[in-house]
Amino acid sequence: MTIWTVVVFATAGDILIAGAMRRLGDLDEIRAKSGLGGAIKAVVTSPFLVAGIGCMAVSFFALLYALSVADLSLIAPATASLTYIATSVSARIFLKEQVDKRRWIAALFVGAGVLLLER
C-alpha cells in the first residue's frame with residue numbers, strides 16, 4: 001500500500017509541476033519582462049506548482065515510511081519503476097504528450113521486472 005502511495009503522489013506531483021511550468025512558459029522571458037522577482041512570483045503563486053510540490057512531499061514521506069518497514073532492495077526498484085510507468089501513462093493522458101513505441105516497450109519491461117521482484 002505504501003509503495004502505491006509513493007507512486008500515485010510522485011506521479012501526480014510530476015504531472016502537476018510539468019503542467020504548471022508549461023502554463024507559465026519560458027522563465028527567461030518572464031524574467032526579461034518582470035525581473036527576477038517577477039519570475040519568482042510567477043512560480044510560487046502557481047496553484048498547480050504548489051499542489052505538485054505538496055504531492056511530492058506526501059510521496060517523499062510515504063517513501064520514508066516504506067523504507068522503515070521494508071527492504072531498500074524492494075522499495076527502490078518498485079517505486080522507481082512503477083512511477084516510470086505511471087508517469088508515462090499520465091503524461092500521455094493529461095499532458096497530451098506523444099509517447100513513442102520504444103517508451104511503451106520499455107515500460108512493459110519495467111513492469112515485468114517489478115513482477116519478478118514481487119515474487
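**H4 against H5**

I began with this pair: H4 and H5 are roughly antiparallel to each other. The label applies to angles over 145 degrees, while under 35 is roughly parallel, 65 to 115 is roughly perpendicular and the rest is oblique. Helices here are DSSP runs of H or I with at least four residues, strands are E runs of at least two, and both are numbered from the N terminus.

Before going on, I noted the ground rules. This is a predicted model, where local features need pLDDT of at least 70 and side-chain atom pairs count only at pLDDT 80 or more, though totals for chains, interfaces and linings use all residues. Residues are numbered from 1 along each chain as its sequence is written, and side-chain values use heavy atoms, with hydrogens and water left out.

Back to the pair. H4 covers residues 72–94 and H5 covers residues 101–118; their axes come within 10 Å and cross at roughly 150°. Axes are lines fitted to C-alpha atoms, for helices over the stretch in contact, and the angles run from 0 to 180 degrees between N-to-C directions. I also looked up the hand of the crossing, and H4 and H5 cross left-handed. That term means the near helix is turned anticlockwise from the far one by less than a right angle; clockwise would be right-handed.

Which residues of H4 and H5 meet? On the H4 side I listed Ser73, Leu74, Pro77, Ser81, Leu82, Tyr84, Ile85, Ser88, Val89 and Arg92. They meet Arg103, Trp104, Ala106, Ala107, Val110, Gly111, Val114 and Leu117 in H5. Contact means heavy atoms within 4.5 Å. By class, the H4 and H5 contact has twelve nonpolar, four polar and two charged residues. Nonpolar covers Ala, Val, Leu, Ile, Met, Phe, Trp, Tyr, Cys and Pro, charged covers Asp, Glu, Lys and Arg, and the others, Gly among them, are polar.

**H3 against H4**

Next I checked H3, residues 47–69, which packs on H4 at an angle of about 150° with the axes 8 Å apart. H3 and H4 are therefore roughly antiparallel too. Leu63, Ala66 and Leu67 of H3 make the contact with Leu72, Ile75 and Thr79 of H4.

My cut-offs are buried under 20% relative accessible area, exposed over 50% and partly exposed in between, with a 1.4 Å probe and protein chains only. Setting aside neighbours within four places in sequence, leucine 67 is in contact with Leu72 and Ile75. I also took its C-alpha to C-alpha distance to glycine 54, which is 20 Å for 13 residues of sequence separation.

**H1 against H3**

The axes of H1 and H3 come within 7 Å and cross at roughly 160°. That makes H1 and H3 roughly antiparallel, and the crossing of H1 with H3 is left-handed. The residues of the H1 and H3 contact divide into 19 nonpolar, five polar and two charged.

**Single residues**

Is threonine 11 buried or exposed? Threonine 11, in helix H1 (residues 2–24), is buried, with a relative accessible area of 5%. Not counting residues up to four places away in sequence, threonine 11 touches Thr83, Ala86, Thr87 and Ser90.

I then went to lysine 96, in the loop between H4 and H5. Lysine 96 is exposed, with 60% relative accessible area. Its phi is near 60°, a positive value in a residue other than glycine.

Glycine 113 belongs to helix H5 and counts as partly exposed at 29% relative accessibility. I found glycine 113 and serine 81 to be 8.4 Å apart, C-alpha to C-alpha, and 32 residues apart in sequence.

**Whole chain**

Last, the overall numbers. The protein chain has five helices and zero strands. Its radius of gyration is 17 Å, well over the 14 Å from the globule rule for 119 residues, so the chain is more spread out than a compact globule. I took the radius over C-alpha atoms, and the rule is 2.2 Å times the number of residues to the power 0.38. The C-alpha trace spans about 55 × 35 × 20 Å along its principal axes. Of the 119 residues, 28% count as buried.
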